[in-house]
Amino acid sequence: MSKDAILKIEGKDYNMPIVTGSEGEKGIDIAKLRADTGHITLDPGFGNTGSSESKITFIDGDKGILRYRGYDIEDLAANSRFVEVAYLLIWGELPSQSQLTKFSDMLTDNALIHENLKNHFEGFPWNAHPMAMLSAMINALSCYHPELVDPDNRKEELKVAARLMSKIRTIAAFSYKMSLGEPFTYPDPHRRYVANLLHMMFSVPHQKYEQQPEIAKALDKILMLHADHEQNCSTSTVRIVASAGSNLFSSLSAGVCALWGNLHGGANMGVISMLQKIHEGGLDIKKCIEMAKDRESDFRLMGFGHRVYKNFDPRATILRAHADKVLGILDINDPLLNIARRLEEAALKDSFFIDRKLYPNVDFYSGLIMRAVGIPTDMFTVLFAIGRLPGWIAHWREVNEDPNGRISRPRQIYTGEPQRKYVPIDKR
Ligand code: SDX
């Protein structure tokens with residue numbers, strides 16, 4: 001049986017190869033479609049279009065499967081930690097103890113940012129959104145490391161990855177301190193990755209900062225669960241910018257901007273504001289579900305639905321259990337968690353959500369955990385970006401390693417005005 005797909009246009013058959021992935025996914029290779037047929041495909045939102053082959057992450061949206069480099073997310077969440085998963089995503093294999101120690105040491109050694117970079121924070125208004133500062137400061141960082149900007153300088157990639165992963169954390173903490181008008185807290189070389197982030201965010205000169213280990217563990221899991229997710233909007237942005245030959249810093253800065261969108265990484269902030277509105281307004285859960293179903297209302301059930309998952313998002317399942325555990329350990333009785341549970345229960349029984357296979361996604365519970373551990377809402381998406389950074393770095397590398405790589409440049413179908421002549425202004 002032919003391995004090709006056959007497309008019939010105006011009575012003529014065109015054969016197109018079928019590509020099969022290592023997990024059995026099928027794709028039709030249309031690389032020659034326009035040259036052979038004069039036609040292009042049209043797929044707004046790319047819901048049916050593969051942009052690339054990739055070896056980094058695999059999702060089966062119908063079965064609710066998520067694997068980083070072949071390892072199930074449940075397996076990694078139970079046994080690994082963020083820095084080790086970051087190494088796995090970027091270099092493709094779980095590190096040996098010596099590789100992990102070297103990488104961790106590089107993260108510790110590269111936590112400081114140039115003192116002059118601190119002055120950039122002065123240029124932002126006190127209430128600047130930390131995602132605006134993060135994208136700007138990542139590009140500013142590249143000016144202090146010109147030697148790492150060259151996309152072809154592959155021998156320094158361990159240093160580049162460690163520097164960026166470490167310094168994005170410092171930049172995030174400093175932007176939070178700036179918003180509070182508090183002095184910057186420098187990184188502590190004796191603290192591990194997440195504990196150092198919390199230290200830089202919450203330590204103050206006049207009080208001893210006692211950190212509960214459960215908080216660092218909860219955040220480490222959140223970062224790990226956010227570390228990569230195939231060709232999502234922000235990762236696709238990083239890949240498109242990388243395809244133009246742009247350096248890693250500018251590609252990551254573009255990824256931060258895409259992630260900020262409220263339909264994407266900004267949804268975790270949207271979930272909390274939705275739950276707060278329901279709580280403070282004493283809104284009826286049933287009414288909220290009806291509003292979410294009403295096309296005329298702009299109310300969406302934030303943290304629900306997903307382009308790929310038509311089953312539970314496995315990250316939401318892990319975080320759902322984690323939310324209970326973290327709030328229990330911290331002895332927090334957050335009314336918003338209760339509202340989230342009731343919303344989820346009502347939605348999962350409603351035919352509108354069932355028919356459209358709308359389930360809770362990663363953002364539905366992540367915000368509740370971050371809120372419980374004291375992360376301010378407008379830092380939620382920054383934490384998402386810190387988590388997603390190793391995935392973005394892995395995809396940037398994959399684009400740069402592709403010997404057949406081309407600049408990404410989609411086509412379009414023009415639906416504007418036909419050709420027309422200029423009309424002088426006195427004749428208009
Ligand atoms: C992330 O891509 C990734 O991998 C992203 C991510 C990652 O790790 O990178 O997983 C992270 O971005 C998670 C998603 C976070 N966003 C939200 O929680 C925002 C709320 N969700 C929606 O806006 C929506 O579900 C999207 C954006 C997530 C997906 O949008 P799609 O695939 O374009 O779906 P759609 O808008 O075409 O919706 C299909 C139908 C529509 O109804 P009908 O036209 O069939 O009548 O489902 C409805 C939508 O109105 N719908 C919702 C809904 N989500 C979809 N209705 C109410 N509430 C919702 N949340």
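Strands β1 (residues 4-9) and β2 (residues 12-20) run antiparallel and are joined by six bridges. Strands here are DSSP runs (E) of at least two residues and helices are runs (H or I) of at least four, both numbered from the N terminus, and two strands count as paired if DSSP finds at least two bridges between them. This is a predicted model, in which local features need pLDDT of at least 70, side-chain atom pairs count only at pLDDT 80 or more, and totals for chains, interfaces and linings use all residues. Residues are numbered from 1 along each chain as its sequence is written, and side-chain values use heavy atoms, with hydrogens and water left out.

**The three-stranded sheet**

- β1, β2 and β3 make an open sheet in the order β1-β2-β3, with antiparallel pairing.
- At its edges are β1 and β3 (26-28), each of which pairs on one side only.
- From one strand to the next, the twist averages 30°, with axes taken as lines fitted to C-alpha atoms (for helices, over the stretch in contact) and angles running from 0 to 180 degrees between N-to-C directions.

- Strand β4 (residues 57-60) pairs with β5 in the antiparallel sense over four bridges, and isoleucine 59 stands opposite leucine 66 in β5.
- Four residues separate β4 and β5 in their hairpin, where glycine 64 in the turn has a positive phi of about 70°.
- β5 also pairs with strand β6 (residues 71-72), in the antiparallel sense over two bridges, and tyrosine 68 stands opposite tyrosine 71 in β6.
- The hairpin of β5 and β6 has two residues between the strands, and arginine 69 there takes a positive phi near 50°.
- Strand β5 (residues 65-68) is covered on both faces, with Ile65 and Arg67 buried on one side and Leu66 and Tyr68 buried on the other. Buried means under 20% relative accessible area, exposed means over 50%, and partly exposed lies in between (1.4 Å probe, protein chains only).

**Loop residues worth a look**

- Most residues other than glycine have a negative phi.
- Glutamate 230 is not a glycine, yet has a positive phi of about 55°; this residue is in the loop between α9 (213-225) and α10 (233-243).
- Lysine 357, also not a glycine, has a positive phi of about 50° and lies in the loop between α16 (351-355) and α17 (362-372).
- With a relative accessible area of 42%, lysine 357 is partly exposed.
- Asparagine 110, in the loop between α4 (97-109) and α5 (115-122), is buried, with a relative accessible area of 10%.
- Beyond its neighbours within four places in sequence, asparagine 110 is in contact (heavy atoms within 4.5 Å) with Ala162, Arg163, Ser166 and Lys167.
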